[in-house]
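Please have the sequence and the structure at hand while reading.

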Amino acid sequence: MTMKNIDELSAAEFSVMKENGTEPPFQNEYWDHYEDGLYVDKMSGKPLFSSRDKFASDCGWPSFSKSVSGDVSEHFDDSFGMRRTEVRSETSDSHLGHVFPDGPKELGGLRYCINSAALTFIPKDQMEEKGYAEYLRLFD
């Protein structure tokens with residue numbers, strides 16, 4: 001599994017994951033990345049999202065229709081005068097982003113809008129060697 005300790009996080013990663021920050025739209029690693037693979041929690045290494053559930057939403061952040069894991073939890077967020085649903089990684093207690101009900105209807109209608117800074121991408125051809133073989137079924 002791929003993991004980072006809290007003291008190994010960059011300033012941007014720390015801001016997003018531990019201070020509930022948001023990285024700039026269209027200026028992050030995975031907003032337009034569509035290679036087959038698995039997106040995992042940068043700190044815990046827990047699988048969070050599959051590239052098969054990723055879609056172009058034109059919001060500037062990676063968008064997914066669903067999570068592949070029970071490690072993603074949802075919480076009410078009324079910061080900045082908005083009513084939103086925050087998405088967190090349970091294992092690392094890290095902020096990932098928010099989920100909105102404006103995703104593609106044919107994919108279930110949700111849009112998990114996630115900060116790239118909270119994710120590590122594991123390419124499909126490296127999943128087995130990195131300990132994620134059980135998730136290869138998502139690509140059949």
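How far is the sulfur of C59 from the closest cysteine sulfur? The closest one belongs to C113 and lies 3.8 Å away, which is too far for a bond. A disulfide is a pair of cysteine sulfur atoms within 2.5 Å, and the structure holds zero of them. C113 is likewise in no disulfide, its nearest cysteine sulfur being that of C59. C59 counts as buried, with a relative accessibility of 17%, and C113 is buried at 11%. Here, buried means under 20% relative accessible area, exposed means over 50%, and partly exposed is in between (1.4 Å probe, protein chains only).

The model is predicted: local features need pLDDT of at least 70, side-chain atom pairs count only at pLDDT 80 or more, and totals for chains, interfaces and linings use all residues. Residues are numbered from 1 along each chain as its sequence is written, and side-chain values use heavy atoms, with hydrogens and water left out.

**Salt bridges**

Side chains of opposite charge can pair when their charged atoms come close. A salt bridge is a side-chain nitrogen of Lys or Arg within 4 Å of a carboxyl oxygen of Asp or Glu. Searching the whole structure gives six salt bridges, including those in the table.

| Pair | N to O distance |
|---|---|
| E13 and K42 | 2.9 Å |
| D36 and R52 | 3.0 Å |
| D93 and R88 | 3.2 Å |

The salt bridge of E13 with K42 has its closest N and O atoms 2.9 Å apart. E13 lies in helix 1 (residues 11-19) and K42 in the loop between strand 1 (37-41) and strand 2 (47-50), so this pair ties together parts that are 29 residues apart in sequence. Helices (H or I, at least four residues) and strands (E, at least two) are DSSP runs, numbered from the N terminus. Both E13 and K42 are buried.

In the pair of D93 and R88, R88 is buried, with a relative accessible area of 13%. Salt bridges with shared partners also join K4, E13 and K42 into one network.
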